[in-house]
Amino acid sequence: MAAGEGQARRSAGQLVIRSVAVLVVALVLRLAVLGYASRLPLFEHHRLDEVVYDEAGRAIAHGDLALGHEVLHMSPGYSYFVGGVYAMLGDGPWPLRIVQLLLGLGTVALVMGAARRLLGEPWGTLAGAIAALYGPLAFYESVLLDTTLSAFCYALILWLVVPLAMTGRRWVLVGLVLGLAVILRPSALLLAVPLVVMARRPVWIVMLVGAIALVIAPVTLRNWMVAGEPVLVTDSGGLNFFIGNGKGANGTFRIPRDLPDATSASTQFPAFRRLAERHEGHALDSRGVDSFWYRTTWQHIGRAPRSALRLLAWKLELYWNARELANTEDYSFSRKVNPALVVVLGFALVGPLALLGTILLCCGDRRHRLVGALNVVSCLGVVLFFVVGRYRMTAMPGLVIAAVHAAQRISSSRWLIVALGLCAVPVLWPTGLPDAFDDQWFKLGYAYHLRGEVGEAERCYLEAGHNLNAEKNLATLYDTLGHRDEARTVWARLAADAHDAGDTERERLARSHLQ
């Protein structure tokens, strides 16, 4: 008996040491990523969705808990999270990032714990190590987006449900976490489907659904009381459905040709509303605008169902592809300017195993099927709209567990190596989508320009090549510095490039500086 207890204590001690080692590696990587990121002007110079979250967080921290007087356009969960951090720790660039770093460590720990429950040791430690070294997870902890908090919620759901030794209290906890995930990203509501199926007992289903509703209800009530419309969470489902499936859709985020002004969250919603009202011939409320874009998209799909199916297949390819498709922050570009991201794991290595592992999980026992089904539903929640890297990131805790499950099975089955090779095809297949970073270099250069670091601004503008915005700013910079010859050279190049692009206003500006 004493020998058995001693062995158990040694095993427990080794488990703790391995867990601490994984978390230390995760912490060191994240501190390095955050440290390098803090040297860049974009650390404080917010853009696009980050601006909206930052402004909303400041408003909440100063007492505007209702977030304005309209139906919510963007999911409010992350805004309240930012506002809470700002209120308690200050609104500087560091407090929020530190809190997100801690959430990232929590995600690593939860993935490791869930994998141990499902797959045992040493596979659970391997899952934790992959999560610790997975570059995009660390990267998104350094930006103001809901990705880190959403991934943490998904990891917590997995950790709660994997044992399947479920009680009513545990189903309530799952429902509360899923409700939070929904107000972070409404498509997470699809995760309720496999969870309801696995709950089985009517009383547990009621507890699960009731807990989800308990978290979402205040947001719905806020929309009704403030704007007079009982919108569940946001009114943006229709426009996002159109972006991903309407005329001109390419599978990822795009600015529709008819809406050239819809370039940011602040301009997107008014632009979509104006176009909907112009088509309908009268003013629309938020639900009317949402319904218009859903209806318009379904009509487009109905006219060309085969094209819609091909687009859906293409979005599945994009979801499982190694490309980290960007819309707000570009992870691939950040790897060029943040040395800490060069030596990390990416989807090119994890993806084939994750795809194979998800298939194998769906063919396993009840616990395995639940994790596999959650991965499948998470995928559908993205591809039904449009694919970008940060939306896939939410599912990475489950995909990491699936990848480790595939590695576990491959170690005892040779034919699965062939299956892994087949799964690698969609992951590594070239997408053919543009992979230029000219706009990213321009935005980084502009941030340096605002900070007064003209040398770095010049370098970034030159890296941007024939980007019209970068050329204009570079020529203006040379004019400011008194470098007339260099300025005239850039103005001449800008005039030629603007002429080729059909940008008459910019061409006219450039030629005025050449006179």
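How do the residues of the lining of the largest cavity divide into nonpolar, polar and charged? They divide into ten nonpolar, five polar and five charged, where Ala, Val, Leu, Ile, Met, Phe, Trp, Tyr, Cys and Pro count as nonpolar, Asp, Glu, Lys and Arg as charged, and the others, Gly among them, as polar. The structure is a predicted model, in which local features need pLDDT of at least 70 and side-chain atom pairs count only at pLDDT 80 or more, while totals for chains, interfaces and linings use all residues. Residues are numbered from 1 along each chain as its sequence is written, and side-chain values use heavy atoms, with hydrogens and water left out.

The chain holds 25 helices and zero strands; helices (H or I, at least four residues) and strands (E, at least two) are DSSP runs numbered from the N terminus. The radius of gyration, taken over C-alpha atoms, is compared with a globule rule of 2.2 Å times the number of residues to the power 0.38. For 515 residues, a compact globule would have a value near 24 Å, and the 25 Å of the chain agrees with this. Along the principal axes, the C-alpha atoms fill a box of roughly 95 × 50 × 50 Å. Of the 515 residues, 51% count as buried, the classes being buried (under 20% relative accessible area), exposed (over 50%) and partly exposed (in between), with a 1.4 Å probe and protein chains only.

Helix α19 (residues 396-410) has 15 residues, which at 1.5 Å a residue should span 21 Å; its end C-alpha atoms are 21 Å apart, in agreement. The expected span is 1.5 Å times one less than the number of residues. Because 13 of its 15 residues are buried, α19 is largely enclosed by the rest of the structure.

A cavity is a set of points where a 1.4 Å probe fits but cannot get out; a pocket is an open set with protein on both sides within 12 Å along at least five of seven lines; and lining residues have an atom within 4 Å of a point. Grid points are joined across faces, edges and corners, and a volume is the space filled by probe spheres set on the points.

The structure holds five cavities of 30 Å³ or more. The largest cavity has about 240 Å³ of space, and of the 20 residues that line it, L40, L42, F139, E329 and S334 are the closest to its centre. Helices α1 (2-38), α15 (331-337) and α21 (438-451) each supply at least two residues of this lining, with the largest share, three residues, coming from α15.

In the second largest cavity there is about 190 Å³ of space. Its lining comprises 17 residues, of which S187, A188, L191, S378 and T394 lie nearest the centre. The elements giving two or more residues to this lining are α7 (147-161) and α17 (366-383). By class, the lining has eleven nonpolar, five polar and one charged residues.

The second largest pocket contains about 490 Å³ of space. It is lined by 19 residues, and V52, L67, E70, H73 and M74 are the closest to its centre. Both α2 (49-61) and α12 (265-280) supply at least two residues of the lining; the largest share, five residues, comes from α12. The lining of this pocket divides into ten nonpolar, five polar and four charged residues.

L67 also has a positive phi, near 60°, in a residue other than glycine. This residue is found in the loop between α2 and α3 (77-89) and is buried, with a relative accessible area of 18%. Phi of R200, likewise a residue other than glycine, is positive, near 65°. R200 lies in the loop between α9 (192-199) and α10 (202-227) and counts as exposed, at 55% relative accessibility. A cis peptide bond, with omega about 0°, joins E121 and P122; P122 lies in the loop between α4 (93-119) and α5 (123-133).

A search of the whole structure finds zero disulfides, a disulfide being a pair of cysteine sulfur atoms within 2.5 Å. For C363, the nearest cysteine sulfur, that of C362, is 6.6 Å away. C363 counts as exposed at 66% relative accessibility. By contrast, C153 counts as buried at 2%. The sulfur of C153 is 20 Å from the closest cysteine sulfur, in C379, and is therefore too far for a bond.

Key. 1 Å grid on protein atoms, 1.4 Å probe; cavity = no way out; pocket = protein on both sides within 12 Å on 5 of 7 lines; lining within 4 Å.
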